[in-house]
Amino acid sequence: MEHLEWLLSLSANTAIIIFEFIGVGIIIYSGLTSFLKFLRRSPDTKIYLAKGLAMGLEFKMGAEILKTVLVRSLNEILILGA
């Protein structure tokens, strides 16, 4: 049973790091690209930025959901809920 718990913890932590990294990457990329679109006076700048932010935040939310799998104490639940 300990081995399964260790494997779950390892895979969840790896997925959390990957999802966080992807989310941050998408937000940075869409922010920089939207800034270039803004400088070129492109009419779809706001839509492009909104879509990029939404997708990046979805990955970040997925990482937060995975963090709930690893919660072991009431204090961790309160921190995660905050």
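Two residues are taken to be in contact when heavy atoms of one lie within 4.5 Å of heavy atoms of the other. In this predicted model, residue K60 touches E20, G23 and V24, with residues up to four places away in sequence left out of the count.

K60 belongs to helix α2, which covers residues 45–67. With a relative accessibility of 25%, K60 is classed as partly exposed, because the partly exposed class lies between the limits of 20% for buried and 50% for exposed residues. Other positions of α2 are buried, namely T45, G52, G56 and A63. The helix comprises 23 residues, and the span of α2 from the first C-alpha to the last is 33 Å, close to the 33 Å expected at 1.5 Å a residue.

The buried residues of α2 pack against α1, a helix formed by residues 2–39. Two packed helices are described by the angle between their axes and the distance between the axes. For α1 and α2, the axes come within 8 Å and cross at roughly 170 degrees. The two helices are therefore roughly antiparallel, since angles over 145 degrees are assigned to that class. Sorted by class, the residues in the contact of α1 with α2 are 17 nonpolar, 9 polar and 5 charged.

Methods: Residues numbered from 1 in each chain as written. Predicted model: local features only at pLDDT ≥ 70, side-chain atom pairs only at ≥ 80, totals over all residues. Heavy atoms only, no water. Helix = DSSP H or I, 4+ residues; strand = E, 2+ residues; numbered from the N terminus. Buried < 20%, exposed > 50% of the residue type's maximum accessible area, 1.4 Å probe, protein only. Expected span 1.5 Å × (residues − 1). Axes fitted to C-alpha atoms, helices over the stretch in contact; angles between N-to-C directions. Parallel < 35°, antiparallel > 145°, perpendicular 65-115°, else oblique. Nonpolar A, V, L, I, M, F, W, Y, C, P; charged D, E, K, R; others polar.
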